Amino acid sequence: MANAHRLALALAGRMNEVAHPGQALPPGLALLGIGHAAVAPMKAELERRTRASVWSLQPHPRFDPEDTSYALDERSRSRGVDLRLITTRRSLRLNPLLTSLSTGVHLGPVVTWMIVIDRRAVILDGPVTREGDPTAWIATGGVFLEDAVEVWDRTWDESTPALADGAGPPLLPRQVDVARGICLGRTDAAIARQLGVSERTVARDVAAILDVTGAGSRAEAVLNMLGRGRRSTT
């Protein structure tokens, strides 16, 4: 029986062979969009159609304080959708906020990016265009859907929780909001006004963020949160 790593590499290889805009595609596979700006609104539409589950494989999920997918996750979670994320152990260094953003994140052999929706559709990473733009594809049937779901199932079976049993997230949701503000260059006073809390509360939250990110200063914390600090390269 092939392991998750081998299955994922085989799937990615087939996507690189057949997933090219303008050419004939296998049954059940279609282009979702070219470029991040084109794909984002389509993800929002898919979120509205989701009924039961959204399961993601992300090799290296970076923290982006302006990423709208966090709001989509919160909306899905409020509707009772089962959200799961599997990533690599190195991601915990690249994104020290990860276990605060996704408390149920698992660590496993992730080598390709995909999102499995209700086990009936899968968004897959495709090859970049000649212009260097990323492509995203959706499989709603056929062999690519079947193989992608199998990759997810095997990877989940081989994964383990990032947080120890019974452990809570390192940062509270408000503290994650403060972290976003820090990355966007906002002052404590501006963050306090936005969140409706005191500057003293924000100052305490900043101290907690520095501790979690292993930073000695606000500037170093920003670099670490964005995956550009010294800890990200070790």
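1. W55 and W152 are both buried, where buried means under 20% relative accessible area, exposed over 50% and partly exposed in between, with a 1.4 Å probe and protein chains only. The ring centres of W55 and W152 are 5.4 Å apart and their planes lie at 20 degrees, so this pair is stacked; rings of Phe, Tyr and Trp (its six-membered ring) pair if their centres lie within 6.5 Å, and planes under 30 degrees apart count as stacked, over 60 as edge-to-face and the rest as tilted. Because W55 belongs to strand β2 (residues 53-57) and W152 to helix α6 (residues 142-157), the pair ties together parts that are 97 residues apart in sequence.

2. This is a predicted model, in which local features need pLDDT of at least 70 and side-chain atom pairs count only at pLDDT 80 or more, whereas totals for chains, interfaces and linings use all residues. Residues are numbered from 1 along each chain as its sequence is written, and side-chain values use heavy atoms, with hydrogens and water left out.

3. W152 also stacks with W156, since their ring centres are 5.7 Å apart and their planes are at 20 degrees. W156 is partly exposed, with a relative accessible area of 24%, and ring pairs link W55, W152 and W156 into a cluster.

4. Helices (H or I, at least four residues) and strands (E, at least two) are DSSP runs, numbered from the N terminus. Strand β6 (residues 121-126) has five of its six residues buried, so the rest of the structure largely encloses it. Strand β5 (residues 114-117) pairs with β6 in the antiparallel sense over four bridges, where pairing requires that DSSP finds at least two bridges between the strands. Strand β7 (residues 135-139) is joined to β6 by five bridges and runs antiparallel to it. V122 is the bridge partner of V116 and stands opposite A139 in β7.

5. L97, found in the loop between α4 (91-94) and α5 (98-101), is buried, with a relative accessible area of 0%. Leaving aside neighbours within four places in sequence, L97 is in contact (heavy atoms within 4.5 Å) with F63, L171, A179, T213 and M225.

6. In helix α7 (residues 173-183), R174, Q175, V178, A179 and I182 meet T201, V202, D205, V206, A208 and I209 of α9. By class, the contact of α7 with α9 has seven nonpolar, two polar and two charged residues, where Ala, Val, Leu, Ile, Met, Phe, Trp, Tyr, Cys and Pro count as nonpolar, Asp, Glu, Lys and Arg as charged, and the others, Gly among them, as polar.
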